[in-house]
Amino acid sequence: MDALERWRRAVAAWNASGGPRVRREARPADAETAVPPGSRSFAREREALPDQGTVLDVGCGSGGASLPLAGHAGLIVGLDREEHLLAALRRNAESVGVPVRTVRGSWPEAEAPPADLVVCHHVLYGAADLAPFAAALTGHARLRVVIEIPERHPQHALSPLWERFHGVVRPAPPTAADAAEALRAAGVHPQVETWVDEQGWGGYPDLAALADRVRRRLDLPPERTDEVTAALLELGVDPRPPGGRVAFPGTIGRTLVTIWWDR
């Protein structure tokens, strides 16, 4: 079995074991424009992006990968499947004063214009068929492609809760190393850099909000929220963190991986 097929099977098996897909949440501009200290992704993006250059953000959400480049970009094109996220990107872009265009659709099928820089953050673990996905990224980039993903699938920290509440033992999650190997098998020659995210991702205003989000990810009814809250505390979630935002399990201090290549 080659690396591409191993990747496809790993992603498919992981997704099949995780219950229904949960609606992704939009975030405000101040959250999406913040650059984590030490981010290798934004360092590689900034050095490649010409002044007033164009950015194509694949799987853009509400702009976390592209809006931090607003002071240097002349145009951001955001592509996503969900209209509520594209609407949030348009609002966020207006608030920081950068022109934006949105395209609704799935990658790589959706039609999007080429750009100087193509960014794709926290999307790759959903792309089972990696060869055409990566080929389209390369084909749309005039200068560089920058991907960011966690070292392991971001939901791996919830595996103990799937076993606790459903008796489901989830398979080993796909990893960034698997992704890099599959990209090489697809003909890409990526650079790979790792760094540590000390801030964490997915901050929630309080433990109750986090517990409700995790409950929905676990496909549990609302009356079991208290059980989920107790389980999160057992996993080590800090209900009163110094920054005031309760972090998703396993995100503070996690290793992130920047995978990039030049056209």
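Predicted model: local features only at pLDDT ≥ 70, side-chain atom pairs only at ≥ 80, totals over all residues.
Residues are numbered from 1 along each chain as its sequence is written, and side-chain values use heavy atoms, with hydrogens and water left out. Local features need pLDDT of at least 70, side-chain atom pairs count only at pLDDT 80 or more, and totals for chains, interfaces and linings use all residues.

**View 1. Glu5 and Arg8 pair within helix H1.** Side chains of opposite charge can pair when their charged atoms come close. Here the closest N and O atoms of Glu5 and Arg8 are 2.6 Å apart, forming a salt bridge (a side-chain nitrogen of Lys or Arg within 4 Å of a carboxyl oxygen of Asp or Glu). Both residues lie in helix H1, residues 3-16. Helices (H or I, at least four residues) and strands (E, at least two) are DSSP runs, numbered from the N terminus. Glu5 and Arg8 are 3 residues apart, about one turn of the helix. Glu5 has 23% relative accessibility, so it counts as partly exposed. Arg8, at 36%, also counts as partly exposed. The cut-offs are under 20% relative accessible area for buried, over 50% for exposed, and partly exposed in between (1.4 Å probe, protein chains only).

**View 2. Arg40 meets Glu193 in a salt bridge.** The closest N and O atoms of this pair are 2.9 Å apart. The pair links distant parts of the chain: Arg40 sits in helix H3 (residues 40-48) and Glu193 in strand E6 (residues 191-197), 153 residues apart. Arg40 counts as partly exposed because its relative accessibility is 28%. Glu193 is at 15% and therefore counts as buried.

**View 3. Glu193 also bridges to Arg44.** The N to O distance in this salt bridge is 2.5 Å. Again the pair links distant parts of the chain, with Glu193 in strand E6 and Arg44 in helix H3, 149 residues apart. Both Glu193 and Arg44 are buried.

**View 4. A salt-bridge network takes in Arg40, Arg44 and Glu193.** Glu47, Arg144 and Asp262 belong to this network too. Across the model, the count comes to 20 salt bridges.

**View 5. Pro241 sits in a loop.** This loop runs between helix H9 (225-234) and strand E7 (254-262). Pro241 has a relative accessible area of 17%, so it is buried. The C-alpha atoms of Pro241 and Asp206 are separated by 9.5 Å. Along the chain, Pro241 and Asp206 are 35 residues apart.
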